[in-house]
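Here is a note for a colleague who is new to reading structures. Please keep the model open while going through the points.

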Amino acid sequence: MLTAALRAAVPPRLWVKDVPGGTTGLAWPRSERYSTPMRTADGYRKCRRRYEGLGHARYLTFSCYHNQPFLRSERACHWLRDATAAARDTLQFDLWAWVLMPDHVHLLLHPCGGTAVGSILRAIKEPVSRHAAAWVRKNAPDFLWRMEEIRPNGRRIVRFWQPGGGYDRNIHSAEELHEKIDYIHRNPVRAGLVEDPAAWPWSSYSAWHDCIDGPLPIDRTTLPPIDV
Ligand code: NI
(Lines give C-alpha, C1' and ligand atoms only; values in the text may rest on other atoms or scores of the structure.)
Protein backbone atom coordinates (compact mmCIF):
# COMPACT_ATOMS: atom_id res chain seq x y z
CA MET A 1 0.00 0.00 0.00
CA LEU A 2 1.03 3.57 -0.54
CA THR A 3 1.99 5.65 2.39
CA ALA A 4 0.87 9.25 2.56
CA ALA A 5 4.49 10.33 2.26
CA LEU A 6 4.99 8.37 -0.93
CA ARG A 7 1.77 9.66 -2.36
CA ALA A 8 2.85 13.20 -1.58
CA ALA A 9 6.18 12.61 -3.31
CA VAL A 10 4.52 11.71 -6.61
CA PRO A 11 3.24 14.49 -8.85
CA PRO A 12 -0.55 14.38 -8.51
CA ARG A 13 -1.23 14.11 -12.21
CA LEU A 14 0.61 10.81 -12.26
CA TRP A 15 -2.06 9.29 -10.08
CA VAL A 16 -5.35 7.83 -11.08
CA LYS A 17 -8.09 7.03 -8.68
CA ASP A 18 -9.63 3.99 -10.23
CA VAL A 19 -7.78 1.74 -12.58
CA PRO A 20 -10.01 -1.01 -13.99
CA GLY A 21 -9.52 -3.87 -11.60
CA GLY A 22 -9.95 -1.67 -8.61
CA THR A 23 -6.39 -0.74 -7.69
CA THR A 24 -4.93 2.70 -7.48
CA GLY A 25 -1.95 3.10 -9.71
CA LEU A 26 0.06 5.41 -11.86
CA ALA A 27 -1.78 7.16 -14.59
CA TRP A 28 -0.28 7.49 -17.99
CA PRO A 29 1.58 10.74 -18.34
CA ARG A 30 -0.14 13.26 -20.56
CA SER A 31 1.08 13.91 -24.05
CA GLU A 32 3.00 17.08 -23.22
CA ARG A 33 5.40 14.87 -21.33
CA TYR A 34 6.60 13.36 -24.60
CA SER A 35 8.41 16.55 -25.40
CA THR A 36 10.71 16.07 -22.41
CA PRO A 37 14.24 15.15 -23.47
CA MET A 38 14.86 11.42 -23.59
CA ARG A 39 17.39 9.57 -21.55
CA THR A 40 20.83 8.48 -22.83
CA ALA A 41 23.71 6.76 -21.16
CA ASP A 42 24.69 10.14 -19.81
CA GLY A 43 21.26 11.39 -19.00
CA TYR A 44 19.29 12.02 -22.17
CA ARG A 45 18.49 10.06 -25.26
CA LYS A 46 20.00 11.47 -28.39
CA CYS A 47 17.01 10.81 -30.53
CA ARG A 48 13.68 12.26 -29.64
CA ARG A 49 11.12 9.62 -30.26
CA ARG A 50 7.59 10.06 -31.36
CA TYR A 51 4.82 7.95 -29.96
CA GLU A 52 4.17 5.56 -32.81
CA GLY A 53 1.03 3.82 -31.65
CA LEU A 54 0.25 0.88 -29.47
CA GLY A 55 0.62 -1.58 -32.34
CA HIS A 56 4.35 -1.29 -31.79
CA ALA A 57 4.32 -2.28 -28.14
CA ARG A 58 5.42 -5.86 -27.55
CA TYR A 59 4.82 -8.35 -24.83
CA LEU A 60 7.76 -10.78 -24.79
CA THR A 61 8.32 -14.00 -22.89
CA PHE A 62 11.45 -16.09 -22.95
CA SER A 63 12.58 -19.03 -20.86
CA CYS A 64 15.67 -20.58 -19.40
CA TYR A 65 17.08 -23.67 -21.05
CA HIS A 66 14.67 -26.58 -20.53
CA ASN A 67 12.71 -24.29 -18.20
CA GLN A 68 15.30 -24.67 -15.49
CA PRO A 69 15.22 -22.05 -12.71
CA PHE A 70 18.55 -20.44 -13.57
CA LEU A 71 17.20 -17.04 -12.56
CA ARG A 72 16.95 -18.20 -8.99
CA SER A 73 20.53 -17.02 -8.96
CA GLU A 74 20.76 -13.38 -7.93
CA ARG A 75 23.97 -13.25 -9.91
CA ALA A 76 22.12 -14.24 -13.08
CA CYS A 77 19.40 -11.66 -12.37
CA HIS A 78 22.08 -9.00 -12.13
CA TRP A 79 23.60 -10.06 -15.44
CA LEU A 80 20.17 -9.84 -17.03
CA ARG A 81 19.50 -6.46 -15.43
CA ASP A 82 22.84 -5.11 -16.68
CA ALA A 83 22.35 -6.50 -20.19
CA THR A 84 18.87 -4.98 -20.44
CA ALA A 85 20.09 -1.60 -19.22
CA ALA A 86 23.00 -1.71 -21.69
CA ALA A 87 20.69 -2.73 -24.54
CA ARG A 88 18.45 0.23 -23.78
CA ASP A 89 21.40 2.57 -24.06
CA THR A 90 22.42 1.32 -27.50
CA LEU A 91 19.14 0.28 -29.12
CA GLN A 92 15.99 2.33 -29.36
CA PHE A 93 13.28 0.90 -27.19
CA ASP A 94 11.32 1.76 -24.09
CA LEU A 95 10.85 -0.66 -21.27
CA TRP A 96 7.37 -0.34 -19.81
CA ALA A 97 7.12 -3.37 -17.52
CA TRP A 98 9.14 -6.45 -16.62
CA VAL A 99 9.43 -9.42 -14.31
CA LEU A 100 12.23 -11.90 -13.81
CA MET A 101 10.83 -15.25 -12.72
CA PRO A 102 13.06 -18.17 -11.70
CA ASP A 103 12.70 -19.89 -15.07
CA HIS A 104 11.38 -17.23 -17.44
CA VAL A 105 11.18 -13.52 -18.16
CA HIS A 106 8.36 -11.22 -19.28
CA LEU A 107 9.09 -7.84 -20.80
CA LEU A 108 6.70 -5.24 -22.09
CA LEU A 109 8.59 -2.95 -24.36
CA HIS A 110 8.18 -0.49 -27.13
CA PRO A 111 10.74 -0.67 -29.94
CA CYS A 112 11.11 2.56 -31.86
CA GLY A 113 13.13 3.98 -34.71
CA GLY A 114 12.78 0.71 -36.60
CA THR A 115 14.58 -1.34 -33.97
CA ALA A 116 13.89 -5.04 -34.51
CA VAL A 117 12.68 -7.06 -31.55
CA GLY A 118 15.16 -9.78 -32.52
CA SER A 119 18.12 -7.50 -32.03
CA ILE A 120 16.76 -6.30 -28.68
CA LEU A 121 16.36 -9.88 -27.51
CA ARG A 122 19.84 -10.81 -28.69
CA ALA A 123 21.34 -7.81 -26.92
CA ILE A 124 19.58 -8.80 -23.71
CA LYS A 125 20.11 -12.56 -23.81
CA GLU A 126 23.58 -13.04 -25.26
CA PRO A 127 25.60 -11.31 -22.51
CA VAL A 128 23.76 -13.39 -19.91
CA SER A 129 24.62 -16.63 -21.72
CA ARG A 130 28.23 -15.53 -22.03
CA HIS A 131 28.58 -14.56 -18.37
CA ALA A 132 26.78 -17.68 -17.18
CA ALA A 133 28.87 -20.05 -19.31
CA ALA A 134 32.12 -18.44 -18.17
CA TRP A 135 31.09 -18.33 -14.53
CA VAL A 136 29.84 -21.91 -14.40
CA ARG A 137 32.91 -23.26 -16.20
CA LYS A 138 35.15 -21.54 -13.70
CA ASN A 139 33.20 -21.86 -10.46
CA ALA A 140 30.67 -24.66 -10.77
CA PRO A 141 31.76 -27.15 -13.46
CA ASP A 142 29.51 -29.79 -11.89
CA PHE A 143 26.55 -27.67 -12.95
CA LEU A 144 27.62 -27.48 -16.57
CA TRP A 145 25.74 -30.57 -17.73
CA ARG A 146 22.44 -28.86 -16.91
CA MET A 147 23.23 -26.16 -19.42
CA GLU A 148 24.77 -28.29 -22.11
CA GLU A 149 23.21 -29.12 -25.41
CA ILE A 150 24.99 -31.81 -27.39
CA ARG A 151 24.61 -31.19 -31.11
CA PRO A 152 24.29 -34.06 -33.61
CA ASN A 153 27.92 -33.49 -34.60
CA GLY A 154 28.97 -34.06 -30.99
CA ARG A 155 29.70 -30.41 -30.31
CA ARG A 156 28.65 -29.18 -26.88
CA ILE A 157 26.98 -25.82 -26.48
CA VAL A 158 26.39 -24.21 -23.12
CA ARG A 159 22.95 -22.63 -23.03
CA PHE A 160 21.34 -20.31 -20.55
CA TRP A 161 18.21 -19.70 -22.65
CA GLN A 162 15.82 -21.99 -24.39
CA PRO A 163 16.60 -21.68 -28.12
CA GLY A 164 14.17 -19.67 -30.23
CA GLY A 165 12.54 -16.32 -29.92
CA GLY A 166 10.11 -17.26 -27.16
CA TYR A 167 6.63 -15.76 -27.16
CA ASP A 168 6.08 -12.40 -28.81
CA ARG A 169 2.77 -10.57 -28.93
CA ASN A 170 1.75 -7.15 -30.17
CA ILE A 171 -0.30 -4.99 -27.86
CA HIS A 172 -3.13 -3.22 -29.65
CA SER A 173 -5.04 -1.31 -27.01
CA ALA A 174 -4.46 0.61 -23.82
CA GLU A 175 -6.69 -1.86 -22.00
CA GLU A 176 -4.56 -4.74 -23.16
CA LEU A 177 -1.46 -2.85 -22.12
CA HIS A 178 -2.83 -2.38 -18.61
CA GLU A 179 -3.91 -5.99 -18.46
CA LYS A 180 -0.46 -7.20 -19.47
CA ILE A 181 1.29 -4.95 -16.98
CA ASP A 182 -0.90 -6.31 -14.22
CA TYR A 183 -0.37 -9.86 -15.46
CA ILE A 184 3.40 -9.35 -15.49
CA HIS A 185 3.41 -7.98 -11.96
CA ARG A 186 1.21 -10.80 -10.62
CA ASN A 187 3.44 -13.58 -11.97
CA PRO A 188 5.32 -14.12 -8.70
CA VAL A 189 2.01 -14.25 -6.79
CA ARG A 190 0.46 -16.77 -9.17
CA ALA A 191 3.60 -18.89 -8.90
CA GLY A 192 3.28 -18.88 -5.11
CA LEU A 193 6.60 -17.13 -4.62
CA VAL A 194 5.16 -14.16 -2.69
CA GLU A 195 1.75 -13.13 -1.43
CA ASP A 196 2.09 -9.51 -2.44
CA PRO A 197 3.56 -8.51 -5.81
CA ALA A 198 5.39 -5.67 -4.04
CA ALA A 199 7.43 -8.27 -2.17
CA TRP A 200 9.04 -9.59 -5.37
CA PRO A 201 12.24 -7.62 -5.94
CA TRP A 202 12.62 -8.51 -9.61
CA SER A 203 9.71 -6.74 -11.25
CA SER A 204 8.57 -3.26 -12.18
CA TYR A 205 5.68 -3.41 -9.70
CA SER A 206 7.23 -0.87 -7.35
CA ALA A 207 8.17 1.36 -10.25
CA TRP A 208 4.52 1.44 -11.26
CA HIS A 209 2.83 1.58 -7.92
CA ASP A 210 5.27 3.39 -5.67
CA CYS A 211 7.42 5.27 -8.20
CA ILE A 212 10.44 3.33 -6.93
CA ASP A 213 12.37 2.15 -9.93
CA GLY A 214 14.41 -0.62 -8.33
CA PRO A 215 16.97 -2.56 -10.31
CA LEU A 216 15.66 -1.67 -13.76
CA PRO A 217 13.91 1.67 -14.29
CA ILE A 218 10.90 1.87 -16.58
CA ASP A 219 10.62 4.53 -19.29
CA ARG A 220 7.87 6.67 -17.80
CA THR A 221 8.25 9.60 -20.16
CA THR A 222 7.13 7.65 -23.21
CA LEU A 223 4.15 5.80 -21.84
CA PRO A 224 1.14 6.41 -24.07
CA PRO A 225 -1.75 8.54 -22.85
CA ILE A 226 -4.76 6.77 -21.52
CA ASP A 227 -8.02 7.98 -20.08
CA VAL A 228 -8.83 5.79 -17.16
NI1 NI B 1 5.01 -16.01 -16.50
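The points below cover the basis of the model, its sheet, its helices and a few single residues.

1. Basis. This is a predicted model, in which local features need pLDDT of at least 70 and side-chain atom pairs count only at pLDDT 80 or more, while totals for chains, interfaces and linings use all residues. Residues are numbered from 1 along each chain as its sequence is written. Helices (H or I, at least four residues) and strands (E, at least two) are DSSP runs, numbered from the N terminus.

2. The sheet. Four strands form an open sheet in the order β4-β5-β3-β8, with antiparallel pairing. Two strands are taken to pair if DSSP finds at least two bridges between them. The edge strands are β4 and β8, each of which pairs on one side only. From one strand to the next, the twist averages 20°. Angles here run from 0 to 180 degrees between N-to-C directions, and axes are lines fitted to C-alpha atoms, for helices over the stretch in contact.

3. Strand β3 and its partners. Strand β3 covers residues 57-63 and is joined by five bridges to β8, residues 167-171, in an antiparallel arrangement. Tyr59 is opposite Arg169 of β8, and Leu60 has Asp168 as its bridge partner in that strand. Six bridges join β3 to β5, residues 104-111, and these two strands also run antiparallel. Arg58 is bridged to Leu109 in β5. As background, strands of a sheet pair through backbone hydrogen bonds, either parallel or antiparallel.

4. A helix across the sheet. Helix α5, residues 174-190, lies across β3, β4, β5 and β8. Its direction is at about 35° to β4.

5. Helix α2. Does the length of this helix agree or disagree with its 17 residues? At 1.5 Å a residue, the 17 residues of α2 (74-90) should span 24 Å, and the end C-alpha atoms are 25 Å apart, which agrees. The expected span is 1.5 Å times one less than the number of residues. The buried residues of α2 are Ala76, Cys77, Trp79, Leu80, Thr84, Ala87 and Arg88. Seen down the axis of α2, these buried residues fall within an arc of 165°, so they line one face of the helix. The arc is that of the directions from the helix axis to the C-beta atoms. A residue is buried if 20 or more other C-beta atoms lie within 10 Å of its own, exposed if 12 or fewer, and partly exposed in between, with C-beta atoms placed from the backbone. Glu74, Asp89 and Thr90 are exposed on the other side of α2.

6. Helix α3. The 23 residues of α3 should span 33 Å at 1.5 Å a residue, and the end C-alpha atoms are 33 Å apart, which agrees. Among the buried residues of α3 are Ile120, Leu121, Ile124 and Val128. The buried residues of α3 pack against β3, α2, β4, β5 and α4 (144-147). Those of α2 pack against β4 (93-100) and α3 (117-139).

7. How α2 meets α3. The two helices pack at an angle of about 145°, with their axes 8 Å apart. The contact includes Ala76, Trp79 and Leu80 of α2 and Ile120, Ala123 and Ile124 of α3. Two residues are in contact if their C-beta atoms, placed from the backbone, lie within 7 Å. Thr90 of α2 also takes part in this contact, and Thr90 is exposed, with 11 other C-beta atoms within 10 Å. Thr90 and Ala123 are 33 residues apart along the chain, and their C-alpha atoms are separated by 9.2 Å.

8. Two positive phi values. Most residues other than glycine have a negative phi. His66, in the loop between β3 and α2, has a positive phi of about 55° although it is not a glycine. His66 counts as exposed, with 12 C-beta neighbours inside 10 Å. Cys211, in the segment after α6, has a positive phi near 60°. Cys211 is partly exposed, with 17 other C-beta atoms within 10 Å.

9. With 23 C-beta neighbours inside 10 Å, Thr222 counts as buried.
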